[in-house]
Amino acid sequence: MPVPEPVPRPGPRASGRSLYTVCAALLLLLTGCAAAGTAPGPTAVRAGAHAPAGSVGAAGPGAAAARGPAAPTGPREIRMLGRVARSAIPAESRQALVVTGNSPDSSEATALLYTRDDPTVGWQPAAGPWPAHNALYGWTDEHRVNDLRTPIGVYGLTAAGGLLEAPGTELPYVQSPAFTVSGEGFEGESLEGSFDYVIAIDYNRVPGASPLDPTRPLGEDRGGGIWLHVDHGGPTQGCISLPEDRMEELLRILDPAKDPVIVMGDGAALAR
């Protein structure tokens, strides 16, 4: 069992009560719910010229035919993502949960699930948008232990678990009392039930291992234990939290055969 990390004293937004966050509550088992990652970013939409309503071109009705057919647009992309994020999504991935933060320093975000079952069609919205929380101080490209920021990047979703029985998921699922959590979050909210359902985010961990696995391939100073888990109504230490019914829905939808990933960061970072 790893030695728990000290929980930092957060800035003015933090509660004066018990400063356990969702992920800090399980630091007795893990290095902690906090992390760092890669960067991401939207395609510029090129606007075409439009003739005034009702006008006719100089070449008359046959002008459109003379110009030839419109160029194919290609498979549909996820609109809010730029080149960096798009290129980081594996070609074989057919499910992507996009979590977009309100700003670089905000702890509030929105999650939307996309699917790409037909590569010729491209990405299609499948579920959401859902409200979400991220870390107290927002986002980072270079996460360190206890910085209270969520890592930006594209990461696999390969294992799940929780205090409760699996709600019918294809992901490997570990049910354990080790997911019990108590105490208060940064805004004084109860943390109880936050780990009823979790999905491990493959930042600084062994893909496919239990969410409780303490292995940190990038080193202990780069944090770990970054999860999707049940929302408790306030900021996390580094995880992403969703309402409980949305976590159940997500667990039922995600399919390891479709190589699901999470794409997460503030809006400006994802648009790079």
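Let me begin with a definition: a residue counts as buried under 20% relative accessible area, as exposed over 50%, and as partly exposed in between. The model we are looking at is predicted.

Take Arg149. Its relative accessible area is 23%, so Arg149 is partly exposed. Arg149 forms a salt bridge with Asp105, and the closest N and O atoms are 3.2 Å apart. This pair links distant parts of the chain, 44 residues apart. Arg149 lies in the loop between strand 4 and strand 5, while Asp105 lies in the loop between strand 1 and strand 2.

Why can such pairs form? Side chains of opposite charge can pair when their charged atoms come close.

How many salt bridges does the whole structure have? A search finds 10. Among them is the one between Arg86 and Glu77, at 4.0 Å from N to O. Here Arg86 is buried, at 17%, whereas Glu77 is partly exposed, at 42%. Another joins Asp202 and Arg205, at 2.6 Å from N to O. Asp202 is buried, with a relative accessible area of 14%, and Arg205 is buried too, with 10%. There is also a network of salt bridges, which links Glu142, Arg144, Asp221 and Arg222.

Now the strands. Strand 9, residues 227-230, is joined to strand 8, residues 198-201, by 3 bridges, and these two run antiparallel. Within that pairing, Val198 has His229 as its bridge partner. Strand 9 is also joined to strand 10, residues 240-242, by 3 bridges, but this pair runs parallel. There, Val230 has Leu242 as its bridge partner.

How values were computed: Residues numbered from 1 in each chain as written. Predicted model: local features only at pLDDT ≥ 70, side-chain atom pairs only at ≥ 80, totals over all residues. Heavy atoms only, no water. Pairing = 2+ DSSP bridges. Helix = DSSP H or I, 4+ residues; strand = E, 2+ residues; numbered from the N terminus. Salt bridge = Lys/Arg side-chain N within 4 Å of Asp/Glu carboxyl O. Buried < 20%, exposed > 50% of the residue type's maximum accessible area, 1.4 Å probe, protein only.
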